[in-house]
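Student: I have a structure open and would like to go through it with you. Can we take it piece by piece?

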Amino acid sequence: MSAKGAIAVKKVVRCSCGLEFRAPAGESRTEAEGHLIKAVKRHAKDAHELDFGEEQVVAMMEVEP
């Protein structure tokens, strides 16, 4: 547990092509999720010609202990 009593969780998005995207450690939850969303959206567009919205990426996020 952190000093504030919260349990840290990791968020990950797994692409069907095999790539995994993880929220950077050591950042606030909002910043980390923002970086994760941007990375997934960029990959979807560049690699798969897909345009995802933020809500779609958030729906794909998995929580790891």
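The chat below covers confidence, a helix, the core and the salt bridges.

Student: What is the mean pLDDT of the protein chain?

Tutor: This is a predicted model, and the mean pLDDT of its protein chain is 87. Of the residues, 85% reach 70 or more.

Student: And which residues make up helix H1, and how far does the helix reach?

Tutor: H1 runs over residues 29-48, 20 residues in total. From the first C-alpha to the last, H1 reaches 27 Å, close to the 28 Å expected at 1.5 Å a residue.

Student: Which residues of H1 are buried?

Tutor: Ala-32, Glu-33, Leu-36, Ile-37, Val-40, His-43 and Ala-44. They lie on the same side of H1, because they cover an arc of only 135° around the axis.

Student: What about the other side of H1?

Tutor: There, Thr-30, Lys-38, Arg-42 and Asp-46 are exposed.

Student: What covers the buried residues of H1?

Tutor: The cover includes strand S1 (10-14), strand S2 (20-22) and helix H2 (54-60).

Student: What follows H1?

Tutor: Glu-49, with a positive phi near 55°.

Student: OK, the core. Which residues are in the largest nonpolar core?

Tutor: Seven residues: Val-13, Phe-21, Leu-36, Ile-37, Val-40, Val-57 and Met-61. H1 contributes the most to this core, with three residues.

Student: What does Val-13 touch?

Tutor: Leaving aside residues up to four places away in sequence, Val-13 touches Leu-19, Glu-20, Phe-21, Leu-36, Val-40, Val-57, Met-60 and Met-61.

Student: Change of topic. How many salt bridges does a search of the whole structure find?

Tutor: Seven. One of them joins Lys-11 and Glu-33, with the closest N and O atoms 2.6 Å apart. Lys-11 is in strand S1 and Glu-33 in helix H1, so this pair links distant parts of the chain, 22 residues apart.

Student: Are Lys-11 and Glu-33 buried or exposed?

Tutor: Both are buried.

Student: Which residue does Arg-14 form a salt bridge with?

Tutor: Glu-20, and their closest N and O atoms are 3.0 Å apart. Arg-14 counts as partly exposed because its relative accessibility is 35%.

Student: Where does Glu-20 fall, buried, partly exposed or exposed?

Tutor: Glu-20 is partly exposed, at 40% relative accessibility. The side chain of Glu-20 also meets that of Arg-22 in a salt bridge, 2.7 Å from N to O. Arg-22 has a relative accessible area of 43% and is partly exposed.

Student: Which residues are joined into one network?

Tutor: Arg-14, Glu-20, Arg-22, Glu-62 and Glu-64, through salt bridges that share partners.

Terms used:
Residues are numbered from 1 along each chain as its sequence is written. This is a predicted model: local features need pLDDT of at least 70, side-chain atom pairs count only at pLDDT 80 or more; totals for chains, interfaces and linings use all residues. Side-chain values use heavy atoms; hydrogens and water are left out. Helices (H or I, at least four residues) and strands (E, at least two) are DSSP runs, numbered from the N terminus. The expected span of a helix is 1.5 Å times one less than its number of residues. Buried means under 20% relative accessible area, exposed over 50%, partly exposed in between (1.4 Å probe, protein chains only). The arc is that of the directions from the helix axis to the C-beta atoms. Contact means heavy atoms within 4.5 Å. pLDDT is the predictor's confidence in each residue, from 0 to 100. A nonpolar core is a set of buried Ala, Val, Leu, Ile, Met, Phe, Trp, Tyr and Cys residues joined through side-chain atoms within 4.5 Å. A salt bridge is a side-chain nitrogen of Lys or Arg within 4 Å of a carboxyl oxygen of Asp or Glu.
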